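Keep it plain, and group the points by topic.

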Amino acid sequence: MQGEQTAPRGNNTGRELMHEIRIGEDLREKNEAIAEENRKLLAAHGIVTLNVMSAPGAGKTSLLVRTIPVLMKRYTIGVIEGDIQTTTDAERIAALGVPAYQIETGGVCHLDAAMVHSAIHHLDLDSIDLLFIENVGNLVCPAEFDLGEDARVMLLSVSEGDDKPNKYPLMFRESRLLLLNKIDLLPYVSFDVAKARRDAREINPRLDIIELSSTTGAGFELWIAWIDEFVASARRR
Ligand code: MG
Ligand code: ZN
């Protein structure tokens with residue numbers, strides 16, 4: 001197989017493949033440059049930013065809906081909502097009384113730094129000190145795009161299965177914190193928490209892991225404490 005890839009070939013399949021990879025790298029570099037601009041702009045306004053990623057239905061919006069009212073006592077919060085279509089999630093967030101700006105990606109299955117760049121110009125940056133970006137529900141490509149955040153937080157719900165770290169390692173590798181969500185469902189699903197923790201840590205030994213449920217509120221004191229500690233350490237930098 002390896003020999004086949006490097007050997008000269010009669011058709012142009014190999015060349016097309018190389019072309020695709022080069023475009024990918026150009027895009028990555030371009031995204032990286034805009035992400036760096038976002039990071040500087042957000043830092044200049046004293047904003048700490050968390051990029052929240054997961055598969056569809058893992059509970060990103062429900063997590064934010066339960067988290068934000070607790071945090072509103074000590075932070076001014078803003079939210080950027082990424083969705084392929086529909087504004088229902090942004091409406092649920094806006095109903096909490098925090099500014100929520102919706103990015104409708106129009107079919108694109110991830111957010112990139114340029115989308116976030118235009119979104120942050122719609123927010124009053126001087127009045128925000130903690131910004132959540134809810135990424136598009138997808139376990140694959142969001143992990144490839146730096147948005148200019150300070151850290152990435154990923155959710156894995158126990159109903160998705162404990163095989164996900166090994167199947168989608170990149171998101172686990174790129175995240176600072178893994179939230180094992182919907183632990184209230186553990187009695188009804190076959191999800192091996194110890195295995196998921198072990199596999200995730202094997203991919204990313206520095207990954208923090210918290211088990212919680214946005215339905216019951218279990219584990220929320222740990223998640224809120226993690227945010228407080230992260231914001232404090234980000235502000236010291
Ligand atoms: Mg959502
Ligand atoms: Zn994508």
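The donor residues of the zinc ion (ligand 2) are spaced C-H-x30-C in the sequence; donors are N, O and S atoms within 2.8 Å of the metal (3.2 Å for Na, K and Ca), and because water is not among the atoms, sites may look incomplete. This is a predicted model, in which local features need pLDDT of at least 70, side-chain atom pairs count only at pLDDT 80 or more, and totals for chains, interfaces and linings use all residues. Residues are numbered from 1 along each chain as its sequence is written, chains are lettered from A and ligands numbered from 1 in the order in which they are written, and side-chain values use heavy atoms, with hydrogens and water left out.

**Zinc site**

- Cys109 (SG), His110 (ND1) and Cys141 (SG) coordinate the zinc ion (ligand 2) at 2.0 to 2.2 Å.
- Cys109 sits in the loop between strand 3 (100-104) and helix 5 (113-120), and Cys141 in the loop between strand 4 and strand 5 (151-157), so the pair ties together parts that are 32 residues apart in sequence.
- Helices (H or I, at least four residues) and strands (E, at least two) are DSSP runs, numbered from the N terminus.
- Cys109 is partly exposed, with a relative accessible area of 30%, while Cys141 is buried at 17%.
- Buried means under 20% relative accessible area, exposed over 50%, and partly exposed in between (1.4 Å probe, protein chains only).

**Magnesium site**

- The magnesium ion (ligand 1) has Thr61 (OG1), Asp89 (OD) and Glu134 (OE) as its protein donors, 2.0 to 2.1 Å from it.
- Along the chain, these donors follow the spacing T-x27-D-x44-E.
- Asp89 belongs to helix 4 (residues 88-94) and Glu134 to strand 4 (residues 130-134), so the pair ties together parts that are 45 residues apart in sequence.
- Asp89 is buried, with a relative accessible area of 17%, and Glu134 is buried, with 2%.

**Helix 3**

- The buried residues of helix 3 are Lys60, Thr61, Leu63, Leu64, Thr67, Ile68 and Leu71.
- They cover an arc of only 140° around the axis, which puts them on the same side of helix 3; the arc is that of the directions from the helix axis to the C-beta atoms.

**Helix 3 with helix 9**

- Leu63, Arg66, Thr67, Val70 and Leu71 in helix 3 meet Phe220, Trp223, Ile224 and Ile227 in helix 9, where contact means heavy atoms within 4.5 Å.
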